[in-house]
Amino acid sequence: PGWGLQASWSGLLTRRTNPLATRGPQTIQPHFASPHQVKVSGDFQFGRRRNWTLAGNLHLSAPRPTSPMLHSLDPETGLWSSVPYDYNSLHLGWTNVVSLRVEHRFVVKGRAKFSLYIELANIRMERNVNVARAKLPDIGEDDPVDRPVVPDIYDAAGVPLLPWVGIRAEL
């Protein structure tokens with residue numbers, strides 16, 4: 001059997017400045033800023049010819065910036081409106097994705113190399129806090145979508161288990 005292990009870290013600090021901004025700060029973190037990324041991967045090769053591989057991957061991402069919101073009710077329409085303030089001054093939680101991969105390699109007629117693999121990304125079914133959606137209370141089946149309720153709790157959108165099946169050829 002054979003095995004391998006690798007780890008990497010990347011750091012990135014970004015800022016954007018808009019001297020014409022009159023509402024909120026002129027220098028902000030962009031919404032895509034994630035200052036720290038950590039990846040750890042490992043694999044284990046086995047089989048008579050070491051042609052099977054079991055691999056795993058852990059990817060951690062630092063929190064991304066988000067903006068707090070001011071909610072106000074329009075008395076004429078009964079609808080809530082939300083306006084961001086202190087643009088990107090808060091941070092969401094850390095995210096992580098764990099993936100698992102099984103691969104089988106073989107040679108056809110001594111020349112062409114093929115690999116068949118199955119990969120399962122996000123096997124922990126981790127929630128993606130970077131895609132938050134308002135979680136509104138359920139009032140009833142006939143409840144209108146534009147009900148006059150402030151979304152007080154934000155639920156992170158679930159990232160599904162992502163299966164990949166593939167074939168790679170080296171001719």
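These notebook entries cover the salt bridges I looked up in a predicted model.

I number residues from 1 along each chain as its sequence is written, and side-chain values use heavy atoms, with hydrogens and water left out.

Entry 1. I looked up salt bridges (a side-chain nitrogen of Lys or Arg within 4 Å of a carboxyl oxygen of Asp or Glu). The structure holds three.

Entry 2. I took Arg 101 next. Its salt bridge with Glu 103 has the closest N and O atoms 3.5 Å apart. Arg 101 also meets the side chain of Glu 119, at 3.1 Å from N to O. Arg 101 lies in strand E10 (residues 95-108) and Glu 119 in strand E11 (residues 112-121), so this pair ties together parts 18 residues apart in sequence. Strands here are DSSP runs of at least two residues, labelled E and numbered from the N terminus.

Entry 3. I then followed Glu 103 to Arg 168, where the closest N and O atoms are 2.7 Å apart. Glu 103 is in strand E10 and Arg 168 in strand E14 (residues 162-170), so the pair links parts 65 residues apart in sequence. Through shared partners, the salt bridges join Arg 101, Glu 103, Glu 119 and Arg 168 into one network.

Note on methods:
Predicted model: local features only at pLDDT ≥ 70, side-chain atom pairs only at ≥ 80, totals over all residues. Helix = DSSP H or I, 4+ residues; strand = E, 2+ residues; numbered from the N terminus.
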